[in-house]
Amino acid sequence: MTKLTIRRPDDWHLHLRDGEMLKGILPETSRHFARAIIMPNLVPPVVTGDQAAAYRDRILAALPEGAAFEPLMTLYLTEATDPADVAAAAASGLVKAVKLYPAGATTNSHSGVRDFDKVRPVLERMAEIGLPLCLHGEVTDSDVDIFDREAVFIDRVLDPIRRATPGLRVVMEHITTSDAVAYARSAGDDLGATITTHHLVINRNHILVGGIKPHYYCLPVAKRESHRLALREAATSGEARFFLGTDSAPHIDALKEHACGCAGCFTATNTLSILAEVFEQEGALDRLEGFTSLNGPRFYRLPPNEAQITLTRGAPVIYPDKIQTGAGPVTVFDPGFPLHWHVNN
Ligand SMILES: NC(=O)N[C@@H](CC(=O)O)C(=O)O
Ligand SMILES: [Zn+2]
Ligand SMILES: [Zn+2]
């Protein structure tokens, strides 16, 4: 196959940041994607409906002329979140999900949840109205090895939350283990899972062998090869519960290439070319559209996009190494193999 036309993709987990960074990196997503679930981990976080509305306006104002892109807003769950505010923001159509960060688990998560009992009233209200909960699924206990934090979260936090809150619709964000794949498969259609582009490409050796590669460091951290293969199998399986959430998470180079480097891979620029290459490697190009453009809207109960994009196979596409933003340069994820699939708008 040398030509593939699919519905325009959506990104169900995206960091757009704010200010100069937002301006600089938004075109990298709006070029190819119709919609994205926008992560609320700004400083300070996007907690209330009013804050989400204001952030949405800033995103729309930063869009390149003529771009057709719809930001789907989320609220950052805190122990003080008001269930009525969440319900109102969902009813107005502004907010499509609530994001739960265990406090301390990842970038800008200090305002996240410590005591899960404190957010029970919000979760119960969300179950009633069908509003999805997006989860950064890692425990933060210092005695749990960082490579085990996702699997332990499933047993200690996710499964108890789901049992205690029947009907709660949950997205396991950026899954990185075969344990998460298996857990997602054990549930019905109230449970979905996003998979990033980079976790289909790298394992932990990419980060650590031959010197530390800070641009491959993200959270959850990439695991051993068997987990990467489980993610590839899940993403290309055609199962509706698995869909694309790039978790494209820009940090300026000065903060990535640092003694205490930030977590996050920036993949917005070349994500679709990488995914086409991965699905081709797996003999599953016919399932790419399900993963990028159909399964996500189905979970979020939104119509799939009518617009299309075409990918054509040819000589390797050269993407920029870095995106220059007003906040500083951001390194684009290097998949380490040539990208033959060109994305034509
Ligand atoms: N994935 C990351 O490594 N970083 C994300 C936060 C997150 O999604 O956990 C970020 O905001 O930089
Ligand atoms: Zn996360
Ligand atoms: Zn993220």
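Asp247 sits in the loop that links β9 to α9 (253-256); helices (H or I, at least four residues) and strands (E, at least two) are DSSP runs, numbered from the N terminus. The model is a predicted one, in which local features need pLDDT of at least 70 and side-chain atom pairs count only at pLDDT 80 or more, while totals for chains, interfaces and linings use all residues. Residues are numbered from 1 along each chain as its sequence is written, and chains are lettered from A and ligands numbered from 1 in the order in which they are written.

UniProt lists Asp247 under "active site" in an unreviewed entry; positions from UniProt are given in the numbering used here, feature names are shortened, and annotations may be inferred rather than shown by experiment. Asp247 counts as buried because it has 27 C-beta neighbours inside 10 Å. The cut-offs are 20 or more other C-beta atoms within 10 Å of a residue's own for buried, 12 or fewer for exposed, and partly exposed in between, with C-beta atoms placed from the backbone. With neighbours within four places in sequence left aside, Asp247 is in contact with His13, His174 and Thr196, a contact being two C-beta atoms, placed from the backbone, within 7 Å.

Asp247 also belongs to the surroundings of ligand 1, together with His15, Asn41, Thr106, Thr107, His136, Cys218, Leu219, Ala249, Ala263 and Gly264. Here a residue is near a molecule if its C-beta atom, placed from the backbone, lies within 6 Å of it. By class, this shell has four nonpolar, six polar and one charged residues, where Ala, Val, Leu, Ile, Met, Phe, Trp, Tyr, Cys and Pro count as nonpolar, Asp, Glu, Lys and Arg as charged, and the others, Gly among them, as polar.

Lys99 is found in strand β5 and is buried, as 25 other C-beta atoms lie within 10 Å. Its contacts, apart from neighbours within four places in sequence, are Met39, Pro40, Thr74, Leu75, Tyr76, Leu77 and Cys134. Tyr76 is also the bridge partner of Lys99; strands β4 (residues 70-76) and β5 (residues 95-100) run parallel and are joined by four bridges, and two strands pair if DSSP finds at least two bridges between them.

These strands take part in an open sheet of eight, with parallel pairing and the order β2-β3-β4-β5-β6-β7-β8-β9. At its edges are β2 (10-14) and β9 (242-244), each pairing on one side only. From one strand to the next, the twist averages 30°, with axes fitted as lines to C-alpha atoms, for helices over the stretch in contact, and angles running from 0 to 180 degrees between N-to-C directions. The unreviewed UniProt entry gives residues 11-303 as "domain: Amidohydrolase-related"; this span is 39% helix and 12% strand, and its end C-alpha atoms lie 14 Å apart.

Turning to helix α10 (residues 271-281), nine of its 11 residues are buried, among them Leu272, Ile274, Leu275, Val278 and Phe279. The cover over these buried residues includes β1 (3-7), α8 (225-235), α11 (288-300), β10 (308-313) and β13 (341-344).

Finally, β11 (residues 322-325) and β12 (residues 328-331) run antiparallel and are joined by four bridges. They form a hairpin with two residues between them, and Lys322 stands opposite Thr331.
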